[in-house]
Amino acid sequence: MRINDKAAPRLKELGIELRQGISLADNTSLGIGGTTDEILLRQYETIPQVMRLLAGEQIPYRFLGGGTNVLVADGELAWVVLHLPSARPGVRVEGNAAYVDASADLGGMVTFCAKNDLGGMEGLIGVPGSVGGALRMNAGAYGTQIGPHVREVELYRAASGKIETLSGAEIRFDYRHTSFAPDDVMLRVKLELPSKPFKDILAGIRVCNEKRRVSQPLNQKSAGCIFKNPPGGSAGRMIDELGLKGHRVGDAMVSDRHANFFVNVANASCSDMLKLIDDVRERVRVAYGMELENEVIFWRN
Ligand code: EPU
């Protein structure tokens, strides 16, 4: 999707940077996705105006965070991408509170807080992506989820067209799911974290890093786990038990290290990956009578 000649100069007047014809394959951890124009929102305050402008020009859009949990359609995309570029470190610590930009890198935020003797998020260290993405999905690993630490979220609400603040108690955090509306845009978050000496936090971080290194294909292009775990079960174990490690469609392959990670071994297309996902889901359904739900988010065209 191209930003039209009417919208482009008006966006520039608002001081907004445009990038034309970017490839989402270059901007997602799976390395899959077509091309579109991108709007970089450096000033959160301009978001309501930008949204009104896009609505007026009937330009569809999607918000891209860290790009680590999305599977994007191939070809020329029918929507533009909005992105909040990150300013490092994007975190300010005050007592036991951390004020974090949604665009901040999740791992960078965990480390920054650790250096300020604030812990509790050791498990999240290797989860790739932005803090905003982690919030929206209630990212978690090794017994830690971001949700319980959230005290306040500043967000753009498409429903009201305004920037609003929600208290942690107003938000429901479930397993890889939250009560945010699909078109809410995370902007900033206040976390409350327990005090812990840096060296103790570091020891916890090292344990998680090592567990991840031995069980996940970290040096390959993936979007983490493809399916959510069914209640009480493990998608990875079931797929593994079916002997599907290494199973592939084109360049999309079930990782031979962790069966719930599907990797792009070279130049997989979105349609290869979708076929692989459907094939594995069907085999699990036949063998276990269980319908696996996607954990990765599919951005169709
Ligand atoms: N297992 C196998 N074969 C495999 C993979 C796993 O037998 O190929 C077995 C393991 O041996 C273990 C069980 O399945 O007994 C669970 O595996 P693991 O500990 O790797 O955790 P998981 O349930 O597969 C979840 C999250 C991960 C997170 C890890 C660590 C989901 C869908 N996945 O994986 O999150 O990193 O726990 O806490 O909740 C993600 O969300 O993208 C993600 C990778």
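These legends walk through close-up views of one predicted model. Residue numbers start at 1 along each chain as its sequence is written, and side-chain values use heavy atoms, without hydrogens or water. Because this is a predicted model, local features need pLDDT of at least 70 and side-chain atom pairs count only at pLDDT 80 or more, while totals for chains, interfaces and linings use all residues.

**View 1. The whole chain, to get your bearings.** The secondary structure comes to seven helices and 19 strands; helices (H or I, at least four residues) and strands (E, at least two) are DSSP runs, numbered from the N terminus. The radius of gyration is 20 Å, close to the 19 Å that the globule rule gives for 301 residues, so the chain is as compact as a globular protein of that length. For that comparison, the radius is taken over C-alpha atoms, and the rule is 2.2 Å times the number of residues to the power 0.38. Along the principal axes, the C-alpha atoms fill a box of roughly 55 × 50 × 30 Å. Of the 301 residues, 48% count as buried, where buried means under 20% relative accessible area, exposed over 50%, and partly exposed in between (1.4 Å probe, protein chains only). Among contacts between residues at least 6 apart in sequence, 65% join residues at least 24 apart; a contact here means heavy atoms within 4.5 Å.

**View 2. Helix H3 and its buried face.** H3 covers residues 106-115, and its buried residues are Leu106, Gly107, Met109, Val110, Cys113 and Ala114. Seen down the helix axis, they fall within an arc of 160°, so they line one face of H3; the arc is that of the directions from the axis to the C-beta atoms. An α-helix has 3.6 residues a turn, so residues three or four places apart point the same way. The partners packed against the buried residues of H3 are strands E6 (91-94), E7 (97-101) and E14 (185-192), together with helices H4 (131-137) and H5 (198-215). At the start of H3, a side-chain oxygen of Asp105 comes to within 3.4 Å of the backbone nitrogen of Gly107. Just after the helix, Asp117 takes a positive phi of about 60°.

**View 3. The largest nonpolar core.** A nonpolar core is a set of buried Ala, Val, Leu, Ile, Met, Phe, Trp, Tyr and Cys residues joined through side-chain atoms within 4.5 Å. The largest one has 35 residues, and Val100, Met109, Val153 and Leu191 have the most contacts inside it. E7, H3, H4, strand E10 (150-157), E14 and H5 each supply at least two residues of this core, with the largest share, five residues, coming from H3. Zoom in on Val100 and you will find it touching Gly90, Val91, Met109, Val131, Leu187, Arg188, Val189 and Leu191, not counting residues up to four places away in sequence. Apart from this core lies another, of 23 residues, among them Leu30, Ile226, Ala259 and Val296.

View 4. Asp184 sits in the loop between strand E13 (177-178) and E14, and is buried, with a relative accessible area of 6%. A polar contact of 2.8 Å joins the side chains of Asp184 and Arg157. Such a contact is a pair of N or O atoms within 3.5 Å; within protein, one must be able to donate a hydrogen and the other to accept it, and residues adjacent in sequence count only if both atoms are side-chain atoms. The side chain of Asp184 also reaches the backbone nitrogen of Ala181 at 2.9 Å. Leaving aside neighbours within four places in sequence, Asp184 is in contact with Arg136, Leu155, Tyr156, Arg157 and Ala158.

**View 5. Backbone geometry worth a second look.** Most residues other than glycine have a negative phi, and most peptide bonds are trans. The peptide bond from Arg88 to Pro89 is cis, with omega near -5°, and Pro89 lies in the loop between strand E5 (80-83) and E6. Asn138, in the loop between H4 and strand E8 (140-141), has a positive phi near 50° and counts as buried at 0% relative accessibility. Tyr142, in the loop between E8 and E9, likewise has a positive phi near 50°, but counts as partly exposed at 34%.
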